[in-house]
Amino acid sequence: MCSCNLYFNGELVMEDVMIVEKKEDKVIAIDLFGDKKEFVGEIKKIDLNENKIFIEG
């Protein structure tokens, strides 16, 4: 299982992210427990080696 930490503008905002989806100007992230958050911005980097996702908005 691969879960990631999600950073928005350099700040850790979610842990154990399992799903990331881009819809229009939003990035939707869902964690291991089904909690969902939406961010207005762009995915800038996905680092699977470090299990990190970076969004800027």
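In what order do the 6 strands of the open sheet stand? The order is β4-β3-β2-β1-β6-β5, and the pairing is mixed. Strands here are DSSP runs (E, at least two residues), numbered from the N terminus, and two strands count as paired if DSSP finds at least two bridges between them. The edges are taken by β4 (36-40) and β5 (42-47); each has a single partner strand, so one side of each is left without a neighbour in the sheet. From one strand to the next, the twist averages 40° (axes are lines fitted to C-alpha atoms, and angles run from 0 to 180 degrees between N-to-C directions).

The model is predicted: local features need pLDDT of at least 70 and side-chain atom pairs pLDDT 80 or more, while totals for chains, interfaces and linings use all residues. Residues are numbered from 1 along each chain as its sequence is written, and side-chain values use heavy atoms, without hydrogens and water.

Strands of a sheet pair through backbone hydrogen bonds, either parallel or antiparallel. Antiparallel pairing over 6 bridges links β2 (residues 11-23) to β3 (residues 26-31), with I28 of β3 as the bridge partner of E21. Strand β3 also pairs with β4 in the antiparallel sense, over 5 bridges, and K26 stands opposite V40 in β4. These two strands, β3 and β4, form a hairpin with 4 residues between them, and G34 in the turn has a positive phi of about 90°.

The loop between β3 and β4 contains L32. This residue, L32, is partly exposed, with a relative accessible area of 41% (buried is under 20%, exposed over 50%, partly exposed in between; 1.4 Å probe, protein chains only).
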